[in-house]
Amino acid sequence: FKRIQGKNLQRARVSAPVFIAMNHPNSFMDPMAFTWVLKYPKTYYMARGDAFKKGMGANLLLSIGLIPIYRFKDVGFESAKKNVDSFKMVYKMLDKRKKIIVFAEGFSLQERRLIPIKKGTAKMALGYMEQGGRDDVQILPVGVTYSNPSKFRGDVYYQVGEPIFVKDYFEEYKQHPPQTIIKLSKVIEDSLKPLTLNLRHKENDVVIEQLQPILKKQYIEEHQLDYNNLAHQQQYWEFIVAKLNELTERISDDFHSFK
């Protein structure tokens, strides 16, 4: 990458156990680039369990901070049994106040929108407290935006949101576990939305990539922004996505001609 920048990174440096709930547009690059821009503390992250084949490869992945998470569609009913050991590993790390990256959407998709998140992050966080874990555990929403996720020497920008304190939901969880998991998952999703781009209409996936470079230089100059400041570029991205959403819905009859 040409530039990697982050906003509010100090929120990930607290002396507490943290689940970092991140969107997931670019596969292995998402945690690797975040690890680099954060610099410290070391972050660990959960990855698809089917990558952990027995032998040296699995040991290498574990040694660099990857924790396997098994999906039903990959390993079937064995996933639940395998994940018990993975959760134990995560909980031991949290007891030591480690930082664990969880991709809340559940899979990686190169789109300019947040996919509805899965319940796994909330379930793990509340489960950790249920197992007698530290009551200062928090969920930290992190949004990542790429100038072009598949282009060499592109830009990456991370935004860290306000922490969500799991203990605020734990008493309710003890009384109504399924409903509280759904509630906390909604809180995580709502916290991630302002930190990510959300192009509402999938048919505009190609249009946004064509349109944004045309207007970028003019927008940056007119608003007296710094082209090298990725926070300013994020401001432009948010503007162009909002404008495209608005145009699609306001002039839908003429939008085909526009495209």
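A residue is called buried when its relative accessible area is under 20%, exposed when that area is over 50%, and partly exposed in between (1.4 Å probe, protein chains only). The structure is a predicted model, in which local features need pLDDT of at least 70 and side-chain atom pairs count only at pLDDT 80 or more, whereas totals for chains, interfaces and linings use all residues. Residues are numbered from 1 along each chain as its sequence is written, and side-chain values use heavy atoms, with hydrogens and water left out.

With a salt bridge taken as a side-chain nitrogen of Lys or Arg within 4 Å of a carboxyl oxygen of Asp or Glu, the count comes to 16 salt bridges. One of these joins the side chains of Arg3 and Asp155, with an N to O distance of 2.6 Å. Arg3 belongs to strand β1 (residues 3–7) and Asp155 to strand β7 (residues 155–160), so this pair ties together parts that lie 152 residues apart in sequence; strands are DSSP runs of E with at least two residues, and helices are runs of H or I with at least four, numbered from the N terminus. Arg3 counts as buried at 14% relative accessibility, and Asp155 is likewise buried at 9%.

A further salt bridge connects Arg112 with Glu209 at 2.9 Å, N to O. Arg112 is in the loop between β5 (99–103) and α5, while Glu209 is in helix α8 (residues 205–222), so parts 97 residues apart in sequence are tied together. Arg112 is buried, with a relative accessible area of 9%, whereas Glu209, at 33%, counts as partly exposed.
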